[in-house]
Amino acid sequence: MMSTGELLSIDPQELQFPFELRKQISCSLNLSNKTHSYVAFKVKTTNPKKYCVRPNTGVVLPASTGNVIVTMQAQKEAPPDMQCKDKFLLQSVVASPGTAAKDITPEMFNKESGNRVEECKLRVVYLAPPQPPSPVQEGSEEGSSSTASVSDNGSLNASEFTSVPRAHVKQHQPQHNSSDARSRISKLAEEKNAAIQQNKSLQQELVNA
């Protein structure tokens, strides 16, 4: 969404920050000078301790564009309902030809001095934090070996690649051992049963004798 004034077009009209705790976040504003005059601008905010604006004053040349970077300082707490009441005010005024940023004075933006100051209010909007971690969490909850192999491929760790086949070999060996043990147990059981039957037959022969 673009704000179109007589002097400057501002894009976007909302400062959108993908909010993340303890992280500095930046947002850029594009200023387009639609006139054939030099236009000086000044950026103000309702919360100056929270934001850093570079540059906070400047000059946009005729039929040219400028860029302003607004950086929000790292926040320790998330706002309730992700709502932000902070606002910015961008003031612009026609400057004399050849004006540079160092030539800008507060008096230029003083309406009481008879200067025609164009103002544009910009509100701050918090966006939900980036979501890429969620698919990884879902995959880890499933505990499938396929997600592990995907993460190994992504990290390009050679040692992790070699560990996968070794794990499979170790898994197969107990299976063979267990099958051998089962066959041995069955053989022992058969021998035991045969011995019991022999004992029974011997006892019957002794009784008959």
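This briefing covers the aromatic pairs in this structure. The model is predicted. A search of the whole structure turns up three aromatic pairs.

**Phenylalanine 19 and tyrosine 126**

- These two rings form a tilted aromatic pair.
- Their centres are 4.9 Å apart, and the angle between the planes is 50 degrees.
- Phenylalanine 19 sits in the loop between β3 (14-18) and β4 (25-33).
- Tyrosine 126 belongs to strand β10 (residues 118-127).

**Tyrosine 51 and phenylalanine 88**

- The ring centres of tyrosine 51 and phenylalanine 88 lie 5.0 Å apart.
- Their planes meet at 75 degrees, so the pair is edge-to-face; the cut-off for that class is over 60 degrees.
- Tyrosine 51 is in strand β6 (residues 51-54).
- Phenylalanine 88 is in strand β9 (residues 87-95).
- This pair links distant parts of the chain, 37 residues apart.
- Tyrosine 51 is buried, at 6% relative accessibility.
- Phenylalanine 88 is buried, with a relative accessible area of 3%.

**The cluster**

- Tyrosine 51 and phenylalanine 88 also belong to one aromatic cluster with Phe17.

Technical notes: Residues numbered from 1 in each chain as written. Predicted model: local features only at pLDDT ≥ 70, side-chain atom pairs only at ≥ 80, totals over all residues. Heavy atoms only, no water. Phe/Tyr/Trp six-rings, centres within 6.5 Å; stacked < 30°, edge-to-face > 60°. Helix = DSSP H or I, 4+ residues; strand = E, 2+ residues; numbered from the N terminus. Buried < 20%, exposed > 50% of the residue type's maximum accessible area, 1.4 Å probe, protein only.
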